[in-house]
Amino acid sequence: FRFGKRFYVNISLKNGTWSKIDSGRVWSLSIISPGAYSLNFVLDTLFLPDGAMLYIFNNKGTMIYGPVTSKQNLKKGLFLTDLIKGNKAIFYLYEPFNVEGQSRLHISKVIHAYRNLFETDANQIASCEQDVACYPDWINESKAVALVLLSTGDALCSGSLVNNTAQNYRAYFLTAFHCIDL
C-alpha cells in the first residue's frame, strides 16, 4: 500500500543550525513539505556516540519521535523514522561536549504522505482488510499482526509474528515476498 512520494535529498549535519548550550551543543533543522499529511525519513547514515540523542517532532508538538541514541546504531547506518504527523518536521540532535563532532547523519529521502494514515478510515488500508474486532474468535491471533513500513519508506505491508515450537520457540515474522523484494 503506497501512501507517499519519496523525494531524494542530500541533507547532513552541514545543513541546519548548531547552537551551544551548557552541556554541549544542539543541531536543529526544519523540513517542510506543503500539503503532506505526514513526513518520514530514510537516513542512509546514522551514527550517534554515547550520550548523543536525536529527536524529531512535528510543528504542533503533538508528536515526538525519540530519543534515538547509540543503541539504535546499525553497522550499515541505515535508519528509517516513523511517520511524523503534519507537513513540518523539526530535527534536534544533542551532542554532549565530550563527543562533539562524532555524530554522523545523512538524510537521503523525505517521504511526503499524500494519504492520511492517521485518520480512522485510513486504517482500512485495502478493500480486502477485515477488522478483527468483528471476529472475536481471532482476538488472540490478532495480537501478532503488524503493519510494517517498507525500506523504501513510502509503502506499507502487513505481516504476522509466528513462533516455531520445533526450534526452541524461535520467533519469525511472516510477510509476503513482494514486501521485501524491493
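A: R6 has a relative accessibility of 25%. Buried requires under 20% and exposed requires over 50%, so R6 counts as partly exposed. The model is a predicted one, and the values are computed from it.

Q: What makes the contact between R6 and D154 a salt bridge?
A: The distance from N to O between the two side chains is 2.9 Å. The limit for a Lys or Arg nitrogen and an Asp or Glu carboxyl oxygen is 4 Å, so the pair qualifies. R6 belongs to strand β1 (residues 4–12), while D154 sits in the loop between β11 and β12. The two residues are 148 residues apart, and the pair links distant parts of the chain.

Q: Is D154 buried or exposed, and how do you know?
A: D154 has a relative accessible area of 3%. Because buried means under 20%, D154 is buried.

Q: What can be said of R25 and E95, and where do they lie?
A: The side chains of R25 and E95 meet in a salt bridge, at 2.8 Å from N to O. R25 is in strand β3 and E95 in strand β9, so this pair ties together parts that are 70 residues apart in sequence. Both residues are buried. By the rule applied, the count comes to three salt bridges.

Q: Why is a set of residues called a nonpolar core, and which strands supply the largest one?
A: The name applies because the members are buried nonpolar residues joined through side-chain atoms within 4.5 Å. The largest such core has 23 residues, and among those with the most contacts inside it are I31, F41, L54 and F91. Strands β3 (24–32), β4 (38–47), β5 (53–58), β9 (88–96) and β10 (104–113) each supply at least two of its residues. The largest share, four residues, comes from β4. A second, separate core of seven residues includes F3, V42, A113 and L117.

Q: Which residues are in contact with L54 beyond its neighbours within four places in sequence?
A: They include L46, Y65, P67, V68, F91 and L105. Contact here means heavy atoms within 4.5 Å.

Q: What makes β11 and β13 edge strands?
A: The open sheet of three strands has the order β11-β12-β13, with antiparallel pairing. β11 (145–149) and β13 (170–175) each pair on one side only, and they are the edge strands. Neighbouring strands of this sheet are turned by 40° against each other on average, direction ignored.

Q: How do you know that β12 and β13 pair?
A: Pairing needs at least two bridges. Strand β12 (residues 156–164) and β13 have six bridges, in the antiparallel sense, so they count as paired. G159 stands opposite T175 in β13.

Key: Residues are numbered from 1 along each chain as its sequence is written. This is a predicted model: local features need pLDDT of at least 70, side-chain atom pairs count only at pLDDT 80 or more; totals for chains, interfaces and linings use all residues. Side-chain values use heavy atoms; hydrogens and water are left out. Axes are lines fitted to C-alpha atoms, for helices over the stretch in contact, and angles run from 0 to 180 degrees between N-to-C directions. Buried means under 20% relative accessible area, exposed over 50%, partly exposed in between (1.4 Å probe, protein chains only).
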